[in-house]
Amino acid sequence: MAKKGHDIPRDNNILRIPLEEAMPDNYLPYAVEVAKDRALPDVRDGLKPVHRRILYGAYLLKAFPDRPYYKSARIVGDVLGKFHPHGDSSVYDAMVLMAQDFSTREPLFDGHGNFGSMDGDGAAAMRYTEARLSKIAMEMLRDIDKETVEMVPNYSDSEMEPKVLPARYPNLLVNGTFGIAVGLATNIPPHNLGEVTDGVLAYIDNPEITTKELMEYIKAPDLPTGGVLIGKNSLLSAYETGEGKVTLRAKTNIEKLENGRWGIVITEFPYRRNKSKILQTISEMTGDKRHQKALEAITDIRDESDRTGIRAVVELKKAADRDTADKILKYLFKKTDLQM
């Protein structure tokens with residue numbers, strides 16, 4: 001509106017201007033800036049500005065994989081002071097996400113201490129945890145000091161920061177991303193590093209390669225928490241158009257338990273789903289009249305996960321057989337986040 005000058009009618013500091021003129025002049029630039037500078041990643045390195053600044057800040061600190069860990073608060077403080085003048089939680093939360101192997105397919109930080117869990121436990125405060133760059137993060141930053149990327153002034157013109165990282169591998173595909181901007185959103189799932197590398201080589205050999213041919217190398221998303229993807233045709237649509245819907249299931253087995261009873265054993269949970277909440281939901285459903293009849297054979301639900309891996313058990317009554325277990329599993333897929 002400022003460019004229109006003084007010819008805009010004013011009434012007690014209220015500018016009288018049609019909405020259709022105000023929106024393009026004001027809201028659209030705001031929306032573009034939010035998309036570009038905060039919520040959506042750059043396709044070249046697959047990073048949002050906050051992640052890029054954290055990686056570069058840790059690089060300047062020389063928090064390398066072969067060096068001792070730095071206190072997370074030190075890394076966060078440096079990034080806030082030099083590159084990202086926002087709240088400290090916005091920086092620390094982003095760093096935690098990059099260190100969680102159940103959130104990020106190839107973690108970019110090697111975290112030391114409590115960095116949260118699949119059960120929704122938050123990370124310890126940044127004054128307690130320590131971190132350093134992971135080995136693969138160094139491939140994102142390699143040769144950055146050799147004028148490989150454009151450097152731009154920071155918010156105070158006191159430091160220079162990279163506009164994009166050199167990124168020796170396609171991080172956007174490998175680690176995926178999710179973000180909501182203004183009028184735009186993105187949700188790209190993670191993929192297997194080896195498969196993506198094979199896909200890149202196939203594309204170099206044949207730039208005219210079709211999506212279907214490329215899917216011989218990059219078959220489907222490869223999620224950090226595992227699970228089973230159903231719907232190959234929908235995946236082709238997602239890769240070709242950017243929109244597609246596939247079903248993700250927990251990895252389950254119906255087996256005889258040590259006590260001789262049948263049980264449903266869950267070894268992989270859907271990506272970005274809280275394990276303890278899913279088990280709690282199943283427990284609450286057994287006492288709910290709407291689900292009681294379908295789930296009456298369930299006698300116990302327990303989480304047996306430990307350092308060796310994920311394992312949750314839904315134990316059935318002594319009289320229940322394999323068919324009963326199969327029916328209950330199908331019902332749980334339909335009614336809970338075991339399938340999404």
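This is a predicted model: local features need pLDDT of at least 70, side-chain atom pairs count only at pLDDT 80 or more; totals for chains, interfaces and linings use all residues.
The chain contains 340 residues, and 38% of them are buried. Its secondary structure consists of 12 helices and 15 strands. When contacts between residues at least 6 apart in sequence are considered, 57% of them link residues at least 24 apart. The accessible surface amounts to about 19600 Å², and carbon and sulfur atoms account for 50% of that area. Charged side chains comprise 48 positive and 51 negative groups, and a distance of 5 Å separates the centres of the two sets.

Helix α2 spans residues 49-60 and has 12 residues. From its first C-alpha to its last, α2 reaches 16 Å, close to the 16 Å expected at 1.5 Å a residue. Of the 12 residues in α2, 11 are buried, so this helix is largely enclosed by the rest of the structure. The buried set in α2 includes the charged residues Arg 52 and Arg 53, together with Pro 49, Val 50, His 51, Ile 54, Leu 55, Tyr 56, Gly 57, Ala 58 and Tyr 59. Following α2 comes Lys 62, with a positive phi near 65 degrees.

Helix α10, formed by residues 275-286, also has 12 residues. Its first and last C-alpha atoms are 17 Å apart, close to the 16 Å expected at 1.5 Å a residue. The buried residues of α10 are Lys 275, Ile 278, Leu 279, Ile 282 and Met 285. Viewed down the axis of α10, these residues fall within an arc of 120 degrees, so they line one face of the helix. In general, an α-helix has 3.6 residues a turn, so residues three or four places apart point the same way. Cover for the buried residues of α10 comes from elements including α11 (289-295), β14 (298-303), β15 (312-316) and α12 (322-335). On the other side of α10, Lys 277 and Glu 284 are exposed.

Positive phi values also occur in loops. Asp 143, in the loop between α5 (135-141) and β6 (151-153), has a phi near 70 degrees, a positive value in a residue other than glycine. The loop between β6 and β7 (160-162) holds Asp 157, where phi is likewise positive, near 60 degrees, in a residue other than glycine. Asp 157 is exposed, its relative accessible area being 63%.

Asn 171 belongs to helix α6, residues 171-175. With a relative accessibility of 2%, Asn 171 counts as buried, because burial is defined as a value under 20%. Apart from residues up to four places away in sequence, Asn 171 touches Asp 45, Gly 46, Leu 47, Leu 108, Met 140 and Gly 176. Asp 88 is located in helix α4, residues 88-99, and is partly exposed at a relative accessible area of 40%. Beyond its neighbours within four places in sequence, Asp 88 is in contact with Val 76, Leu 80 and Met 126. Asp 88 and Thr 104 stand 16 residues apart in sequence, and their C-alpha atoms are 21 Å apart in space.

Methods. Residues are numbered from 1 along each chain as its sequence is written. Side-chain values use heavy atoms; hydrogens and water are left out. Helices (H or I, at least four residues) and strands (E, at least two) are DSSP runs, numbered from the N terminus. Buried means under 20% relative accessible area, exposed over 50%, partly exposed in between (1.4 Å probe, protein chains only). Contact means heavy atoms within 4.5 Å. Accessible areas come from the Shrake-Rupley method with a 1.4 Å probe; for residues, only the protein chains shown count as cover. The place of a charge is taken as NZ of Lys, CZ of Arg, CG of Asp or CD of Glu. The expected span of a helix is 1.5 Å times one less than its number of residues. The arc is that of the directions from the helix axis to the C-beta atoms.
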